[in-house]
Each structure stands twice: as structure tokens, then as C-alpha cells.
Amino acid sequence: MSRTMRLVMVMLLAALSAAGCARSPEAKKARHLERGDRFFAREQYRDAVIEYRNVRRLDANNGHAIRQLGLAHFQLGEMGQAFDYLRKARDFGPGDADVRVKLGTIYLLARHAPEAQAEAAGVLEHDDRNFEALLLSASAADTPAGIAAATARLESVRGQYGDRARLHVGLGTLYLRTGDLARTEAAFKEAAAREPKSVEAHTALGDLYMARRDVARAEQSYVAAAANAPAGSRPRLKLADFYLTQQRTADAKRVLAEMTESAPDYLPAWRRLAEIAFNEGRHDDGLKHLEVVFKKSAMDVEGHLLSGRVHLAKRDTGKAAEEFQKALKIEPRLAQARYMLALTHLQAGNVQQGRAELKELVALEPDLAEAAVLLAELDVQAGALQPAIEALQKMTARRPEEVRAWITLGSAHLAKREPARAAEAFSRVMALAPKDPRGPYFLGLALSRMGKKADAQRAFEAALAVAPDAVEPLMQLVGMAFADKAPDAALARVQAQLARVPASAALHRVLGSVHVRRQEPSQAEAAFVKSLQLDPAAVAPYLALAELYNASGQYEQALERVGRALGMDGKSLMGHMLAGLIHERKGDVAKARQAYERALAVKPRFAPAANNLAYLHSLHGGDKEKALELAQLAKEVAPDEPHISDTLGWILYRRGIYQRALALLKDSAAKLPDNAVVQYHLGMAHYKAGSRDSARDALTRALHLNPQFPGIEEARSTLASL
């Protein structure tokens with residue numbers, strides 16, 4: 001081999017060796033670290049995060065990458081992600097003052113003052129004049145002794161840091177906690193005088209003026225803070241939030257648009273735009289803003305929470321659940337995500353999954369009132385009254401201010417037929433929230449169960465005095481008037497309430513229902529139409545009109561109104577049920593089945609739809625096994641409903657299982673003594689079971705109640721044979 005060829009080979013081998021080294025894990029890690037540090041120094045935090053994550057793929061426990069990820073997420077305003085990294089970084093290097101101060105700041109933002117104080121103390125133990133730690137300690141001081149100690153510490157470093165605005169902001173914050181507003185304002189003003197471009201000083205003044213309800217001066221201070229802050233920063237976001245509190249949405253959007261244009265990596269601004277769109281009902285626009293968030297940070301917890309809420313508002317429970325599960329994958333102990341996931345399962349009709357999520361959440365966070373009360377509400381609905389009562393008694397002992405807990409406790413006592421104890425709970429509601437109509441309304445229900453009619457009436461009137469357009473107490477008063485056989489008084493009561501709130505769509509619906517009970521269909525129709533005029537987006541008036549037309553045999557008009565209702569809310573169970581009933585009355589069994597099947601598609605364990613569909617399958621040559629399965633499902637969900645007992649009993653009768661059928665039909669007939677069809681079914685079951693006298697009594701009663709019911713020919717021939 002020539003000398004030249006040997007030289008080429010040596011160079012080639014050297015190049016290959018260098019390339020191999022460059023591809024080694026250590027070389028890759030060093031390259032990503034160098035890039036990450038370069039991006040971090042340039043304040044390009046989003047790019048830095050990508051590089052540091054690449055480092056962790058090669059070295060999961062790389063302390064420098066973990067530290068820098070925490071600091072970068074902190075600068076990006078992504079506190080949830082910053083927290084985990086900073087906590088790990090603190091464990092790696094407990095002497096890292098910057099890490100501990102920022103970790104303490106996150107604790108403070110989450111209102112965990114003791115933990116924030118501990119982080120500050122960890123820094124001050126090694127450097128008792130660390131300015132950032134002194135300020136953090138002052139911010140976390142929340143007891144008289146702690147405030148006094150923090151004030152003394154800051155005063156002791158006035159000679160060293162007296163020219164810094166933040167020292168005076170810290171002192172002003174401490175003065176504020178003692179209630180000394182004059183010294184507070186003086187300290188904040190001195191801070192602004194020391195550093196006219198101090199963001200902290202102007203923000204503190206803005207907060208003080210807002211607390212005093214001096215909106216004009218608050219705005220000036222927030223504008224000054226924002227003008228001196230970076231485009232992507234909390235002070236700019238705070239200015240937008242100030243405008244939102246003042247219902248100046250256009251100004252808020254302008255500030256946020258400037259932020260997203262100048263600092264597109266600052267995700268809180270995109271999230272706030274998504275929140276505004278969500279609150280305005282522009283759900284798709286909100287999701288578009290969140291797409292930007294996820295492109296920049298797929299691990300954005302707050303973004304996934306908001307996305308889940310948007311999908312839930314769109315009734316897309318599948319996607320909502322996915323978003324909340326993503327949030328939980330990132331932060332497994334995030335209470336809000338688990339609570340929203342439980343709500344999503346419940347909205348989708350998955351009660352058991354919802355209960356499971358709530359139980360896990362309550363086990364993790366026993367003092368989380370929302371979850372504990374919702375779990376108790378589900379127990380009440382399921383008939384597990386004593387466990388609900390015991391849980392709520394513990395909750396109200398720990399959190400006596402929780403109005404919803406007292407309401408649920410009272411409701412549980414009502415369901416347990418303990419109205420006196422219910423009245424005690426509802427009286428607590430009235431004491432805690434005198435302007436909440438639920439207190440007197442529920443108290444009225446309890447008093448009514450106790451037979452105290454006059455007291456109950458006064459309670460319902462009290463509820464209406466607080467909320468003149470409240471439907472529930474008015475319906476109770478209307479029901480009492482009809483029970484007293486005073487239909488004119490019922491009408492007058494609703495008209496009197498409408499005189500107080502003439503533009504209430506809900507009260508016009510009540511007026512329509514009163515006219516229906518008074519057998520005044522034209523007036524009822526006018527009231528429901530008026531309700532629609534006042535609230536065109538409401539589904540209930542369309543369904544009320546559909547029921548009215550169905551009752552008068554105007555089936556096409558009834559179906560047209562149901563169609564409009566379902567066009568607005570395709571998951572309306574009442575809409576699908578009403579469609580099925582109308583088709584049944586028209587004799588269109590196939591379309592009736594389809595309507596009930598749609599209801600079950602919305603809520604698979606919806607007992608009324610399962611019952612009606614079972615009856616159709618049984619009566620009109622459908623799937624007999626499916627009929628039995630559906631009837632048993634309905635009975636399982638609603639064991640005390642007499643119509644369901646009748647359906648299941650009649651299906652068993654037709655299958656020749658007479659004794660089981662008879663037991664069910666006896667229960668149904670006892671609860672529905674004036675239903676001719678039920679009496680007919682009972683008579684036939686007695687006949688097949690050999691109870692001739694009982695059969696004769698039931699069939700005779702059926703014929704007496706209604707000489708036109710389906711099956712009358714069989715009833716007559718059987719009765720003749722007896």
C-alpha cells in the first residue's frame with residue numbers, strides 16, 4: 001500500500017472514530033446540555049426545555065437538567081411542571097438558594113405558607129441576608145409573631161437593600177397584614193419612588209387600590225406594572241385579568257393578543273384567551289387556542305384541565321375524560337382533575353366509574369368538601385341513606401360553613417322519613433345563607449312532611465321573596481292549591497308571581513302547566529309559546545308543547561316540537577321518551593322502539609326507556625329474550641316503580657311463570673289501583689294461578705275503570721268463564 005493510501009486510511013479511520021464518539025450517549029448528552037444552557041441564557045425557555053428533556057432521556061437523574069427544567073418551567077409560568085422538577089432539584093442540592101426560593105414561591109402561590117416558610121428557612125440557615133429568601137419568608141408570614149419577626153428581619157437589612165423597591169414592597173405587605181393601611185401605602189409608594197420602573201411596586205399599589213375599590217388608580221398602577229414587564233409575564237396577565245373583572249373583555253383580549261404576538265411561548269396568555277372563549281360559549285375557538293398550548297407543551301396540566309371542561313360543555317364526555325386523564329397522568333394527585341373526571345363519568349351515565357373516582361379522591365383529600373358532598377349525594381340517590389348521613393355529619397362537624405353539605409344532609413333525612421331532623425339541617429342553611437332560596441324551600445318540604453301545612457306555605461313564600469323567579473317553591477304552592485281543590489287560587493298565585501317577574505320564561509312554563517291541569521289547552525299553549533319567545537334556546541317549552549299536542553291527538557305537531565327540542569339537545573332523555581310515546585299512540589311501533597333505543601344510547605341504564613322498550617318487544621312480537629333482559633334491568637334500577645313491576649310481571653306471565661308474575665303484579669296493582677290495564681294483568685295472573693275469586697275481583701275492577709283498554713276482549717271472556 002502506497003504512503004498516500006496509508007495516509008488516507010488513517011484519516012478515514014480517525015473520522016469514523018470521531019463520528020462514533022459524537023454518536024455516543026455521553027457526547028449527545030453534552031451537546032443537549034450545551035444547547036439547553038445556551039437557550040436558557042437567551043431566555044428561550046421553551047427551546048431550553050426541549051434540550052433538557054433530551055438530556056433526561058439519556059440520563060434520567062441528571063441533576064443539572066432537572067434543575068434547569070424546574071427553573072425554565074417556572075419562568076414560563078408552568079408552575080405545576082416546575083414544582084416536581086424543583087422539588088427533585090432541592091433533594092439533589094438542598095443548598096441551592098435559587099431552587100429553594102422558587103419552590104417556596106410555588107408553595108406560596110398554592111397557599112401552603114408553612115412549606116414556603118420552610119424553604120426560605122433552608123436558605124437563611126446558610127445565608128441569613130439572602131434577599132430573595134428574606135422576601136419569601138416575609139410573604140409567607142401569617143401569624144402575629146411571624147409577621148413581627150419578618151418585619152424585624154427586613155428592617156435589619158434596610159442599610160444593605162434599602163435602595164431596592166422590593167424591600168419596601170415586602171415591608172408594605174407585612175404592614176398590610178397588621179391592618180396598617182397608611183404605612184402600607186407609604187411603603188409601596190416609596191418602593192415606586194426608589195425604582196419608578198419596578199413591576200412589583202406598581203403591582204402592589206394596584207392590589208391595594210383594588211382592595212379599596214379605587215378602580216381608576218388600580219388601573220393606572222396595573223398599566224404601569226405591565227408597561228415595565230416583559231411581554232410574556234404575570235403583570236401583563238394581571239392587567240388582562242383586571243379588565244375581565246371590570247367586564248372590559250375587549251381590553252382584556254387586546255392585552256392578551258399583544259402578549260401572544262410578542263411572546264408566543266408564554267402559555268398562560270393562550271390559556272386565558274381559551275378561557276374567555278369558553279365563557280363566551282365559543283368552544284371551538286377555545287380549543288384552537290389550546291392547540292397552540294399543546295403544540296408548545298403537550299404536558300401542560302392547566303391546558304388539559306381547560307380542554308376537558310370545554311369538551312364537557314360540548315357534551316363530548318369521551319374527549320373530556322381523555323383530557324382529564326392526561327392531566328392525572330402528569331399530576332396523579334391533582335384533585336381538580338380527578339373531580340372533573342368523576343363529573344364526566346356521571347354526565348356520561350357511568351355512575352359506578354364516577355363513584356370510584358370520587359371515593360379515591362375523598363381518600364386522598366378527605367377535607368375536599370365538593371367531592372365528599374357529591375359522593376354523599378350519589379349515596380342518597382342510590383338509597384344508601386345511613387352511610388351518606390354519617391359522612392355528612394362528619395363533614396359538617398369539620399366544615400360547618402358548607403351549605404351544600406347541610407342541604408344534602410337534610411335531603412338524606414327527608415328520604416329516610418326523618419323530617420324533623422331534615423328541618424334542623426335546612427334551618428342551618430338559612431342561618432348560613434339567608435339570601436339562598438334553597439334554605440326556605442327545603443325547609444318547606446320538611447315542614448310539609450311533618451304535616452305543618454301553614455308553616456310550609458310560609459317557608460315557600462319566603463323562598464319566593466328571596467328569588468321571585470324560583471320555580472320549585474312556586475310549584476309547591478300551586479300543588480297545595482290544587483290539593484285544596486282551589487284551581488283558581490293556583491292560577492292567581494302564578495299570575496301574582498309573573499306580575500313581579502313578567503319576563504321570566506320559567507314562570508310562563510309554570511303558568512302553562514297550571515292551565516294544563518285546569519284543562520285549558522289554548523291558554524296553556526299561549527303560555528308555553530310565550531316562554532319560548534322569552535328564551536328561544538330553551539328545550540323544555542318545546543317538550544311541553546309536544547305533550548300538549550300529543551294529549552289532544554295532534555301527533556304531527558307534537559313530533560315537530562319534539563324534533564326541534566332534539567335538534568337543540570340530541571341527548572334529551574325526555575325528548576326521546578316523548579317521541580317514543582307519540583309514535584306508540586300513532587301505532588308506529590318500529591319508530592317508537594327506535595326512540596327508546598336512542599334514549600338508552602344516551603343513558604344505558606335509563607329505567608323508563610328500558611321498561612317501555614321491553615313492553616313493546618313483549619307485546620308486539622319482538623325479541624322475547626331482549627324484553628326480559630330490559631325489564632329486569634329497569635327493575636334493578638327502579639325496584640319500587642309500579643309500572644316497571646307491571647311490565648316485568650306481564651312478561652313473566654306470558655312466559656308461563658305465573659307465581660313470580662303474580663307477586664310483581666300484586667305490588668303494581670296495590671300502587672296503581674285505578675289503572676285498568678294493571679288490574680287486567682293482575683286478574684289474568686290470579687286466573688292462571690288458580691285464584692278464581694281474586695281473578696274475578698281484579699277483572700271486574702278493570703272493566704269498571706275503563707271499558708276500552710287493550711286486552712278487554714280477553715278480560716271479558718275470562719270473566720265470563722268464571
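A salt bridge is a side-chain nitrogen of Lys or Arg within 4 Å of a carboxyl oxygen of Asp or Glu. With that in hand, welcome to a few close-up views of this predicted model, which holds 58 salt bridges.

**View A. Arg 272 and Asp 241 form a salt bridge.** The closest N and O atoms of this pair are 2.6 Å apart. Arg 272 belongs to helix 17 (residues 267-279) and Asp 241 to helix 15 (residues 234-245), so their pairing ties together parts that are 31 residues apart in sequence. Arg 272 is buried, at 17% relative accessible area, while Asp 241 is partly exposed, at 24%.

**View B. Arg 271 of helix 17 reaches Asp 300 in a loop.** Here, too, there is a salt bridge, with the closest N and O atoms 2.7 Å apart. Asp 300 sits in the loop between helix 18 (283-296) and helix 19 (301-313), so the pair links parts that are 29 residues apart in sequence. Arg 271 is buried, with a relative accessible area of 5%, and Asp 300 is buried as well, with 2%. Elsewhere, salt bridges that share partners join Glu 185, Lys 189, Arg 212, Asp 214 and Arg 217 into one network.

View C. Glu 190 is partly exposed, with a relative accessible area of 29%, and Arg 194 is partly exposed at 45%.

**View D. Helix 29 (residues 471-483) packs with helix 31 (residues 505-517).** Their axes come within 11 Å and cross at roughly 20 degrees, so helix 29 is roughly parallel to helix 31. The crossing is right-handed. Among the contact residues are Leu 474, Val 478 and Phe 482 of helix 29, and Leu 507, Val 510 and Val 514 of helix 31. By type, the contact residues divide into 9 nonpolar, 2 polar and 1 charged.

**View E. Helix 30 (residues 487-500) also packs with helix 31.** The axes are 10 Å apart, at an angle of about 165 degrees, so helix 30 is roughly antiparallel to helix 31. This crossing is left-handed. Contact residues include Leu 491, Val 494 and Leu 498 of helix 30, together with Leu 507, Leu 511 and His 515 of helix 31. They divide into 8 nonpolar, 4 polar and no charged.

How values were computed. Residues numbered from 1 in each chain as written. Predicted model: local features only at pLDDT ≥ 70, side-chain atom pairs only at ≥ 80, totals over all residues. Heavy atoms only, no water. Axes fitted to C-alpha atoms, helices over the stretch in contact; angles between N-to-C directions. Helix = DSSP H or I, 4+ residues; strand = E, 2+ residues; numbered from the N terminus. Parallel < 35°, antiparallel > 145°, perpendicular 65-115°, else oblique. Left-handed = near helix turned anticlockwise from the far one by under 90°. Contact = heavy atoms within 4.5 Å. Nonpolar A, V, L, I, M, F, W, Y, C, P; charged D, E, K, R; others polar. Buried < 20%, exposed > 50% of the residue type's maximum accessible area, 1.4 Å probe, protein only.
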